[in-house]
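Biologist: I have a model open and would like to go through the fold. Can you walk me through it?

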Amino acid sequence: MNAVIQTLLIGIVVGALYSLVALGFGLIMGVMRFVNIAHGSFIIIGGYIAYWLFTLWGIDPYLSIPAVMLCMFGMGLLLYKLALAPLLKYPRAEMRIDKSLLITFGVTWILDNAVTLVWTPDTRSVITSYSGSTFDILGARLGFVGLTGLVIAILVAIALHLLLRKTYFGKHVRAATEDSGAASLSGVNVQRTYLISCGIAAALAGVAGVVIVSSYSIAPSGGLNWLLTAMVVIVLAGEGNIGHILPAGLILGVLQSMSTLVVSPAYQQPISLIVFILVLMFRPNGLFAGRG
Amino acid sequence: MLEISGIDVFHDDLQALWDVSMTIDDGQIVSLVGSNGAGKSTLMQAVAGTLRPKTGSIVFDGVRLDRLPAHKIVETGICMAPEGRRLFPRMSILENLEVGASVKKARRARQETLDWVHEVFPILRARSGQKAGTLSGGEQQMLAIGRALMSLPRLLLIDEMSLGLSPIAAQSISEVIRRVNASRMLAILLVEQDVQLALSLAHRGYVMENGRIVGQGPAAELLCSEEIKEAYLGFRKAQQ
């Protein structure tokens with residue numbers, strides 16, 4: 001019983017991180033129909049910035065989140081201006097998807113190699129005084145960094161939800177998501193909405209990077225793995241359903257974690273890919289499709 | 001107020017409008033009639049900024065529109081209720097209206113405009129929280145027009161006003177159009193398949209055929225003209 005609760009807790013913590021990783025990816029995909037392969041690299045860069053702030057100036061990784069978000073926001077704007085905006089001349093969504101896939105794949109190569117140049121290929125992580133501390137919950141142990149990651153993921157998901165529901169900008173984003181042509185006929189500056197969404201998506205990647213560098217570790221080539229996870233979560237949540245990303249991430253995390261009770265932990269990645277394929281085959285619009 | 005002079009408009013390589021000119025004065029309802037594919041919607045799109053004319057100019061109160069992006073045109077005071085309504089189906093009715101008030105001056109007056117639109121279309125207040133995708137055809141058209149009104153336009157474009165609506169819904173929407181035109185001095189450019197309805201609503205009419213303007217005049221005169229009767233109203237020419 002204890003082992004089950006322990007695995008469940010680990011699943012929830014990991015799942016929250018998965019949803020955090022997927023939020024920015026899902027935002028760009030939902031709003032602009034762009035597949036941003038570079039999202040994984042953005043996560044890694046966010047992690048390295050936090051690593052630098054910690055090792056060079058001793059800034060606590062969680063306190064560095066605003067600074068990391070700001071840097072990454074700027075990078076998101078650059079990505080949009082340089083790589084994505086030119087693709088808007090393709091009016092049909094399918095054309096945008098495959099063109100953006102190719103372009104951001106190239107961006108990933110550039111970024112990953114730049115990261116290797118700057119930070120060397122070594123694996124890095126941030127280890128603070130509290131990194132090893134744990135809590136007891138219902139007889140199971142939960143690490144402090146894991147718990148913090150969980151709280152951050154939930155806060156970020158709620159913040160994004162409120163931004164999209166309550167603010168003018170959020171309503172513009174949703175209108176542009178549903179029908180960009182009708183949005184601009186209603187006076188929405190769709191290009192600007194896209195630009196800022198891109199910045200926000202990159203900032204979210206930065207937050208994920210901070211959580212990863214303080215609870216796991218990062219290496220220059222690690223981005224693609226996180227990207228894969230983000231894709232699985234988005235398929236589970238259903239494209240364009242940003243509100244479903246948190247539950248989808250949690251489900252994936254718990255599924256993976258619970259599987260270790262039955263099969264070897266080495267199968268965690270295959271299991272998420274099996275889920276990915278099963279969902280695509282039987283619920284192509286996501287696990288929660290049909291509930292409005 | 002709106003002055004379209006000699007525009008040619010293309011869909012990719014295919015020319016859809018030839019040398020089209022049109023004038024709309026303050027507070028006028030102008031109807032654009034013609035058969036399917038005559039270029040009515042193309043003309044609307046050129047004014048709203050979703051298509052660029054290749055030659056000629058569109059000027060609204062001294063501002064050149066034909067080089068502005070669509071959302072800037074909304075800022076100048078022109079807003080379109082597009083063909084097929086094009087609502088945001090997964091957003092609530094209230095949110096659809098709020099998106100309509102996106103431009104700066106409309107944002108400031110949002111609450112008053114919302115009260116006014118609710119007064120014009122009471123059903124939009126009653127169903128405020130409902131998703132736009134769940135509305136009937138007539139209600140969707142009301143919401144599309146309401147959303148356009150939220151931007152506080154001085155010229156409202158309505159493309160295919162009654163397409164797919166019941167005669168009763170079409171009638172009640174025409175009533176509203178008359179009312180907002182009279183109460184707010186709002187100019188309206190109307191594309192409407194029902195020529196009788198279109199011309200009875202309007203002050204002036206334009207007739208389009210194969211991408212060209214082939215006739216114009218006061219709506220009442222057009223309604224009585226033999227050509228219009230024969231071509232669009234199903235009357236036969238009287239036997240000589």
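Predicted model: local features only at pLDDT ≥ 70, side-chain atom pairs only at ≥ 80, totals over all residues.

Biologist: Fine. What does the secondary structure of chain A come to?

Modeller: Chain A has eleven helices and two strands. Reading from the N terminus, the order is α-α-α-α-β-β-α-α-α-α-α-α-α.

Biologist: And how compact is chain A?

Modeller: Its radius of gyration is 19 Å, close to the 19 Å that the globule rule gives for 292 residues, so chain A is as compact as a globular protein of that length. The C-alpha trace of chain A spans about 60 × 45 × 35 Å along its principal axes.

Biologist: How much of chain A is buried?

Modeller: Of its 292 residues, 50% count as buried. As for contacts in chain A between residues at least 6 apart in sequence, 78% join residues at least 24 apart.

Biologist: Let's pick a helix pair. How do α2(A) and α3(A) cross?

Modeller: Helix α2 of chain A covers residues 39-57 and helix α3 of chain A covers residues 65-84; their axes come within 10 Å and cross at roughly 140°. The crossing is right-handed.

Biologist: Why do you call α2(A) and α3(A) oblique rather than antiparallel?

Modeller: Only angles over 145 degrees count as roughly antiparallel. At roughly 140°, α2(A) and α3(A) are therefore oblique to each other.

Biologist: Which residues meet there?

Modeller: From α2(A) they are Phe42(A), Gly46(A), Ile49(A), Ala50(A) and Leu53(A). On the α3(A) side they are Ala67(A), Val68(A), Cys71(A), Met72(A) and Met75(A).

Biologist: Switching to chain B. What is the strand order in the open sheet?

Modeller: The sheet has six strands, in the order β6-β7-β8-β3-β9-β10 of chain B, and the pairing is mixed. At the edges are β6 (78-81) and β10 (212-218) of chain B, each with a single partner strand, so one side of each is left without a neighbour in the sheet. On average, neighbouring strands of this sheet are turned by 15° against each other, direction ignored.

Biologist: Which helices pack on the sheet?

Modeller: Helix α1 (residues 40-48) of chain B is one of them, touching β3 (29-34), β6, β7, β8 and β9 (204-209) of chain B. Its direction makes about 140° with that of β6(B). Helix α7 (residues 137-149) of chain B also packs on the sheet, touching β6 and β7 of chain B, and its direction makes about 170° with that of β6(B).

Biologist: Which way do the β7(B) side chains point?

Modeller: Leu155(B) and Leu157(B) point one way, Leu156(B) and Ile158(B) the other way, and all are buried. In a regular strand, side chains alternate between the two faces of the sheet.

Biologist: Last one. What about β1(B) and β2(B)?

Modeller: β1 (residues 2-11) and β2 (residues 14-24) of chain B run antiparallel, joined by seven bridges. Glu3(B) stands opposite Thr23(B) in β2(B). The hairpin has two residues between the strands, and Asp12(B) takes a positive phi near 55° there.

Definitions and conventions. Residues numbered from 1 in each chain as written. Chains lettered and ligands numbered in written order. Pairing = 2+ DSSP bridges. Helix = DSSP H or I, 4+ residues; strand = E, 2+ residues; numbered from the N terminus. Rg over C-alpha atoms; globule rule 2.2 N^0.38 Å. Buried ≥ 20, exposed ≤ 12 C-beta atoms within 10 Å, placed from the backbone. Contact = placed C-beta atoms within 7 Å. Axes fitted to C-alpha atoms, helices over the stretch in contact; angles between N-to-C directions. Parallel < 35°, antiparallel > 145°, perpendicular 65-115°, else oblique. Left-handed = near helix turned anticlockwise from the far one by under 90°.
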